[in-house]
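Try each task before you read its solution.

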Amino acid sequence: MSSQSSACDRLMVNFCPGVQSNHFINYTPDDEITLGYRQKGLQDLKEEVRRELKTAAGKPSQQLSFIDEVKRLGVAYHFEEEIEKELGDIYDNYHDSDDLYYVSLRFRLLRQQVYNVSCDVFKRFKDENGSFKKCLINKDVEGLLGLYEAAHLRVQGEDMVDEALAFTTAHLNVLVQHLNYPLAEKVIRALPFGDACRGRRDGLTYPSTKMKLHIVKLYRSLQS
């Protein structure tokens, strides 16, 4: 009898309280009404983003900038069909442009979607000696940054894009010391040493369109 009692005593263990305390025991899920309001708010935000994409139709530069912002905020998977359609239209209706930022952004976004975009679009930004124009260094930092990001979508054998990466990296590393916010912040985030300074790359820039607050709200809703 005493041996059975001892065995029972050994099975009784007093565990220390868990680090979560009674959080899960006391947790009360949102009721159906609250969940309904939240889902409706989320759908409304999605529709606003879709409307903005349609509003920008026929304005390739604005379309590309907005798509880029949506992608950087990590919510592009909600608008895959719309983005694919807009990029398809931009691919089919391209006209030569002297705007390095626009040309670079188009090149990068289309290559990310596996469109066959030739790097020849950058030839117009080279001088008679075959080098990238020096005037780009001080007059078009946004364009240099766009070209730097686009150059990471290069494929083997594209010597011009390799040159673009070397050219932009060298000059952005110097220029960033003299830039003001927010452009300096964008360059720091893009260049390799930006990761070392921050410890991580969060991928977020500073959206500039009128829809930036709606996208941020959407992003936060998806995280909740």
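A polar contact is a pair of N or O atoms within 3.5 Å; within protein, one atom must be able to donate a hydrogen and the other to accept it. Keep in mind that the model is predicted.

**Exercise 1. Which backbone oxygen lies 3.2 Å from a polar atom of the Thr 168 side chain? Is Thr 168 buried or exposed?**

Step 1. Find Thr 168 in helix α9.
Step 2. Look for the oxygen. The backbone oxygen of Leu 165 is 3.2 Å from a polar atom of the Thr 168 side chain.
Step 3. Check the accessibility. Thr 168 has a relative accessibility of 0%, so it is buried. The cut-off for buried is under 20%.
Step 4. List the contacts. Leaving out residues up to four places away in sequence, Thr 168 touches Leu 144, Leu 147 and Tyr 148.

**Exercise 2. Which residues touch the most other members of the largest nonpolar core? Which elements give two or more residues to this core?**

Step 1. Start with the core, which has 51 residues. Val 70, Leu 87, Phe 122, Phe 132 and Leu 172 touch the most other members.
Step 2. Now turn to the elements. Those giving two or more residues are α3 (32-55), α4 (60-72), α5 (80-92), α6 (100-112), α7 (135-139), α8 (141-151), α9 (159-175) and α10 (183-190).
Step 3. Zoom in on Phe 122. Beyond four places in sequence, its contacts include Leu 100, Val 103, Phe 107, Phe 132 and Met 160.

**Exercise 3. How far apart in helix α3 are Arg 50 and Glu 47? Is Arg 50 buried or exposed?**

Step 1. Find the pair. The side chains of Arg 50 and Glu 47 form a salt bridge, with 3.0 Å from N to O.
Step 2. Count along the helix. Arg 50 and Glu 47 are three residues apart in α3, so about one helical turn separates them.
Step 3. Check each partner. Arg 50 is buried, at 18% relative accessible area. Glu 47 is partly exposed, at 35%.
Step 4. Lys 40 is exposed, at 51%. Asp 44 is partly exposed, at 36%.

**Exercise 4. Which residues do salt bridges that share partners join into one network with Asp 68?**

Step 1. Begin with one bridge. The side chains of Asp 68 and Arg 72 meet at 3.0 Å, N to O.
Step 2. Asp 68 and Arg 72 are four residues apart in helix α4, about one helical turn.
Step 3. Read their accessibility. Asp 68 is buried, at 6%. Arg 72 is partly exposed, at 22%.
Step 4. Shared partners join Asp 68, Arg 72, Arg 108 and Glu 149.

**Exercise 5. Where does Val 114 lie? Which residues does a cis peptide bond join?**

Step 1. Most residues other than glycine have a negative phi, and most peptide bonds are trans.
Step 2. Look at Val 114. Its phi is positive, about 65 degrees, although Val 114 is not a glycine. Val 114 lies in the loop between α6 and α7. Val 114 is exposed, at 74%.
Step 3. Find the cis bond. It joins Tyr 181 and Pro 182, with omega about 5 degrees. Pro 182 sits in the loop between α9 and α10.

Notes: Residues numbered from 1 in each chain as written. Predicted model: local features only at pLDDT ≥ 70, side-chain atom pairs only at ≥ 80, totals over all residues. Heavy atoms only, no water. Core = buried A, V, L, I, M, F, W, Y, C linked by side-chain atoms within 4.5 Å. Buried < 20%, exposed > 50% of the residue type's maximum accessible area, 1.4 Å probe, protein only. Contact = heavy atoms within 4.5 Å. Salt bridge = Lys/Arg side-chain N within 4 Å of Asp/Glu carboxyl O.
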